[in-house]
Amino acid sequence: MASFNWITALIGGILIGLSATVLLAGNGRIAGISGMINGAIRFSASEAWRWVFLAGMLAGGAIYEYGFAAQPTPTSNFAPVLMIVGGLLVGIGTRVGNGCTSGHGVCGLGRLSARSLVAVLTFLATAFITVYLVRHVFN
Amino acid sequence: MKTLTALIAGILFGFGLGLSQMIDRERVLGFLDLAGTWDPTLLFVLGGAVGVTVITFRFIIGRSRPFWGEKFYLPTKQDIDPRLVIGAAIFGMGWGISGYCPGPGLTALVLGIANPVLFMVAFLVGSLGGQWLLNQFQSKQQLTINN
């Protein structure tokens, strides 16, 4: 794996923060991706802007990967069981807990929401424990 | 203007996730693996993002309305209830297992590999299942109240 590059990490993070800023200042909406997807799959005309945002994310990712990346993003081994189990838990958890890393993290912490701080500390804690168990106990 | 704003915001978000390497699940898992060779990338990404929003949101929310809209759609819930903590805990487990959260999982679809495809399908099933569970729970609660 390429070594850690704090400059691109920081600039990437700032761009994400600017994205949330543009969406809130322009449209009054929170850039939380789990909520964005959940709203989009209601398929109502008033939610069409969510599809535009999600398409923009794919376009932005593709522009970086195929236009700017010094080397292709590394791809890890195909891990179907981890993807299915992990994806299901992420889907259930973000629906029940009303948000993910972007909604509670980037936007919630930006609003100084105590509720989001609790959510962030909780999902970080269980993620740390889960990775420890997966990599160092059951491996 | 609203549509253009959503598009620009989406592009910034996806580009930022790519540039910061968050669409590489090994990077994310490297951050979450405190007992391994710890990778601080995610800390800088989240720090950079929150560093911006914590400043800009103060000014935005102080305005009476957004530039192209009638009002701000902000979360109204304030209470820290078991539902929030249980949901966040389940999300964290899934994040630790897969190395993806919804934003990077979606954006990683552009890499043309199978992992994010499976993750996103499972995410959608889990999310709809989670809504179903919430509905069951709510209707049960209402029955109790009515009785």
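Of the 139 residues in chain A, 56% are buried, a residue being buried if 20 or more other C-beta atoms lie within 10 Å of its own, exposed if 12 or fewer, and partly exposed in between, with C-beta atoms placed from the backbone. The structure is a predicted model, in which local features need pLDDT of at least 70 and side-chain atom pairs count only at pLDDT 80 or more, while totals for chains, interfaces and linings use all residues. Residues are numbered from 1 along each chain as its sequence is written, and chains are lettered from A and ligands numbered from 1 in the order in which they are written. The model has an ipTM of 0.96 and a pTM of 0.95. For chain B the average pLDDT (the predictor's confidence in each residue, from 0 to 100) is 94, and 97% of the residues score at least 70.

Chain A contains six helices and zero strands; helices (H or I, at least four residues) and strands (E, at least two) are DSSP runs, numbered from the N terminus. The C-alpha trace of chain A spans about 45 × 40 × 30 Å along its principal axes. Contacts are pairs of residues whose C-beta atoms, placed from the backbone, lie within 7 Å. Among contacts in chain A between residues at least 6 apart in sequence, 46% join residues at least 24 apart.

The contact between the chains takes 97 residues from chain A and 101 residues from chain B. On the chain A side, α1 (6-27), α2 (33-40), α3 (48-68), α4 (80-96), α5 (101-110) and α6 (114-137) each supply at least two residues. The largest share, 21 residues, comes from α1(A). By class, this side has 59 nonpolar, 32 polar and six charged residues; Ala, Val, Leu, Ile, Met, Phe, Trp, Tyr, Cys and Pro count as nonpolar, Asp, Glu, Lys and Arg as charged, and the others, Gly among them, as polar.

In α1(A), 18 of the 22 residues are buried, so this helix is largely enclosed by the rest of the structure. From first C-alpha to last, α1(A) reaches 31 Å, close to the 32 Å expected at 1.5 Å a residue, where the expected span is 1.5 Å times one less than the number of residues.

Technical notes:
Two residues are in contact if their C-beta atoms, placed from the backbone, lie within 7 Å.
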